[in-house]
Each structure stands twice: as structure tokens, then as C-alpha cells.
Amino acid sequence: MIPTLFSVSYAGFWGQCRLDLNAFLAKAGALGYPAVELMGKRPHLSVIDADDRTIAETREAAAAAGVEIATIAAYTNFTLARDTEIPGVEMQVAYVRQLAELAQRLDAKIVRIFTGYLVDQHGFQRDWEICVRAVRECAAIAADCGIILGLQNHHDVGVGVESYVEFLDEVDHPNCRAMFDPWAPALHGEDLRTCAIRLAPRMVQTTLADYVRLPRYQYQPGLVNYERLTDAVRAVPLGEGFQDLGGFFAGLAAGGFKGYVAYEMCSPVRGGGGEENLDRVARSSLEAIRRWTAAPAAPTPASRKTVIV
């Protein structure tokens with residue numbers, strides 16, 4: 001299993017420190033991550049901005065940092081296609097094609113996609129069918145570029161474990177691989193070790209973040225009491241939250257998974273969004289991944305030496 005840092009962690013969202021793409025690559029190498037996942041939108045790898053010069057600079061920056069570019073992350077929501085006037089699926093499939101072509105030029109192996117968000121609680125089948133057709137088409141297009149298509153269980157369609165497996169089965173394309181993320185199943189109360197064993201043979205990558213639950217209540221004056229609301233969550237370093245990630249990794253190993261383990265800070269982080277705190281959390285999370293995977297420590301750029309024989 002290969003520890004991987006996702007560039008969204010330093011993209012400036014959720015009040016966090018913003019680094020440009022080359023600065024992020026240098027950061028990932030300095031922190032000791034051997035591989036990276038690049039966000040396929042601004043301020044990082046945008047299909048609008050990625051010209052020949054940008055691609056060359058990105059390749060050089062990754063080589064200088066000693067990191068592999070493993071994955072390009074697409075941001076798709078195929079249920080936008082419910083608006084029949086706008087060719088929502090066509091535009092997003094074209095976007096995925098462009099990212100697959102960028103991945104090919106950057107020697108990346110994977111393009112990550114999502115399904116779609118819920119549009120109408122009673123429109124399950126329509127949303128499902130739109131997403132199945134779109135993902136199947138993206139898988140074929142990525143295959144033409146020699147790139148693996150990875151589907152992450154993030155959006156509403158197929159987010160539950162049973163639905164996710166059913167969705168992958170229905171797409172039924174050899175180039176569509178699982179990028180099983182334990183966060184949503186943990187919130188749903190699933191046993192992560194069992195889930196990991198089940199999905200490991202189909203997986204090319206997993207994406208991790210950990211959280212503590214923050215219970216919420218709303219005061220009801222007429223009852224002189226509080227109504228329990230849905231919990232909020234706050235990101236913390238891997239291993240410090242409520243998810244059984246030790247069990248998850250045990251399940252991955254038992255299922256024979258060998259692939260990328262991406263860490264992301266994709267929400268407000270305990271301690272704030274300053275660069276020093278993000279670095280601390282990223283280092284701590286890398287140490288946790290190494291404990292769970294028994295992966296050898298990667299040398300930092302300062303310790304890398306070229307030996308001439």
C-alpha cells in the first residue's frame with residue numbers, strides 16, 4: 001500500500017492554507033509522502049490552465065520532490081443531467097476525457113470520479129440510471145487513454161455499501177475500479193473491516209480522513225428540553241477519530257488490497273487551517289498509515305542521494 005497525499009488538503013478551501021500546485025508537490029515530498037493525488041480543478045490541475053508549459057513544470061516539480069503523481073481527481077455530479085436542456089453528462093464526460101489525457105501526460109495511473117447527488121427522493125431510479133450510463137462511458141474513455149477509472153463512494157447515488165457494490169456491478173466495465181472510502185460507511189454504522197474485505201479485490205485506491213463527532217441539540221422552550229439533531233463532525237489526524245481504521249486496514253490486507261492510500265484534509269481541521277497545523281496533521285496521519293500498513297518510511301528529499309556505480 002502506497003501512502004498518498006491529496007492536494008485538496010492545501011487548496012485553500014475551508015479556511016485552510018493555499019499552496020499552488022508546484023509548492024504542494026514540494027510540500028508532499030518534504031512531509032515524506034511517496035505519491036500524490038492532484039485535484040482536477042483550480043487552484044491546482046485545471047483543464048483550462050494546463051497547457052504544455054504547465055504540464056512540463058508539474059512533471060519537473062514532482063520529480064524534484066521525489067513523488068509519484070498517482071491520481072487525478074475529477075469532480076463530477078452526473079445528476080445535474082436532469083436538466084435536459086443542458087448536456088450535463090456530455091460536458092462532464094468531456095471533462096473526464098481531458099483529465100485522462102492530462103493523467104497520461106503526467107504518468108498518472110488513475111482518474112477519480114463521483115456519481116451524483118440526490119435530486120429528488122422519489123427519483124431514485126432515474127438518478128441511478130443517469131449515473132450508471134455516465135460512469136460506464138467514462139470508464140471506456142479512460143481506457144482509451146490507458147488510465148484506470150476509479151469510482152469513490154462520496155455522492156448520494158451508491159454511497160451505501162450495498163448500493164455501491166450494486167452500482168459497480170451494474171456499470172460492469174473492466175476499467176471501472178472501486179476507490180472505497182470508509183468515511184460514509186462509518187457514519188452509517190457499518191463494520192469497516194467487513195466492508196474492506198468485501199471491496200479490497202475491486203479496489204485501486206482508498207481515500208481517508210478521520211473525524212470526531214460533535215453532538216448538536218436545539219432547545220425547545222415549550223418542552224424545557226433539547227431536541228437531538230444530526231451530529232456535526234470535525235476532522236482530526238488519522239487514528240484520533242471515531243472510525244475503526246485499524247480494522248479497516250486489517251480488512252484491506254485480508255482482502256489482498258495493494259494500491260494507493262490517499263489522505264485528505266477536506267473539511268475544517270481541529271487546530272485551524274494554518275500551514276503549520278496542516279503539516280502537523282499530515283505528518284501524524286502518514287505515521288498512522290505506516291503503522292497500519294507496515295510501509296517503510298520514504299526518504300525526505302534532503303536524505304535522497306544519487307549513487308553512481
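Gly246 sits in helix α8 (residues 245-255); helices here are DSSP runs of H or I with at least four residues, strands are runs of E with at least two, and both are numbered from the N terminus. This is a predicted model, in which local features need pLDDT of at least 70, side-chain atom pairs count only at pLDDT 80 or more, and totals for chains, interfaces and linings use all residues. Residues are numbered from 1 along each chain as its sequence is written, and side-chain values use heavy atoms, with hydrogens and water left out.

With 32% relative accessibility, Gly246 counts as partly exposed; buried means under 20% relative accessible area, exposed means over 50%, and partly exposed lies in between (1.4 Å probe, protein chains only). Gly246 and Ala288 are 42 residues apart in sequence, and their C-alpha atoms are 9.3 Å apart in space. The buried residues of α8 are Leu245, Gly247, Phe248, Phe249, Gly251 and Leu252. They pack against α7, β7 (205-208), β8 (210-220), β10 (260-263) and α9 (275-293), where contact means heavy atoms within 4.5 Å. After α8 comes Gly256, with a positive phi near 85°.

## The nonpolar cores

The largest nonpolar core has 87 residues, and Ile72, Val111 and Ile113 have the most contacts inside it. Such a core is a set of buried Ala, Val, Leu, Ile, Met, Phe, Trp, Tyr and Cys residues joined through side-chain atoms within 4.5 Å. Helix α4 (residues 124-144) supplies the largest share of this core, 10 residues. A second, separate core of six residues includes Ala70, Ile110, Val204 and Tyr260.

Which residues are in contact with Ile72, leaving aside its neighbours within four places in sequence? They are Leu38, Gly40, Leu45, Leu99, Ala103, Leu106, Ala108, Ile110, Val111 and Arg112.

The axes of α4 and helix α5 (residues 161-171) come within 9 Å and cross at roughly 55°. Axes are lines fitted to C-alpha atoms, for helices over the stretch in contact, and angles run from 0 to 180 degrees between N-to-C directions. Trp128, Cys131, Val132, Val135 and Arg136 in α4 meet Ser163, Glu166, Phe167, Glu170 and Val171 in α5. By class, this contact of α4 with α5 has six nonpolar, one polar and three charged residues; Ala, Val, Leu, Ile, Met, Phe, Trp, Tyr, Cys and Pro count as nonpolar, Asp, Glu, Lys and Arg as charged, and the others, Gly among them, as polar.

α5 also packs with helix α7 (residues 192-199), at an angle of about 5° and with the axes 12 Å apart, so α5 and α7 are roughly parallel to each other. Here Val161, Glu162, Tyr164, Val165 and Leu168 in α5 meet Cys195, Arg198 and Leu199 in α7. The contact of α5 with α7 has six nonpolar, no polar and two charged residues.

## Backbone details in the loops

Most residues other than glycine have a negative phi, and most peptide bonds are trans. Trp14, in the loop between β1 (2-6) and α1 (21-31), has a positive phi of about 55°. Trp14 counts as partly exposed, at 40% relative accessibility. Asp107 has a positive phi of about 60° and lies in the loop between α3 (88-105) and β4 (110-113).

Arg42 and Pro43 are joined by a cis peptide bond, with omega about 10°. Pro43 belongs to the loop between β2 (35-39) and α2 (52-65).

Definitions and conventions: Angles under 35 degrees count as roughly parallel, over 145 as roughly antiparallel, 65 to 115 as roughly perpendicular and the rest as oblique.
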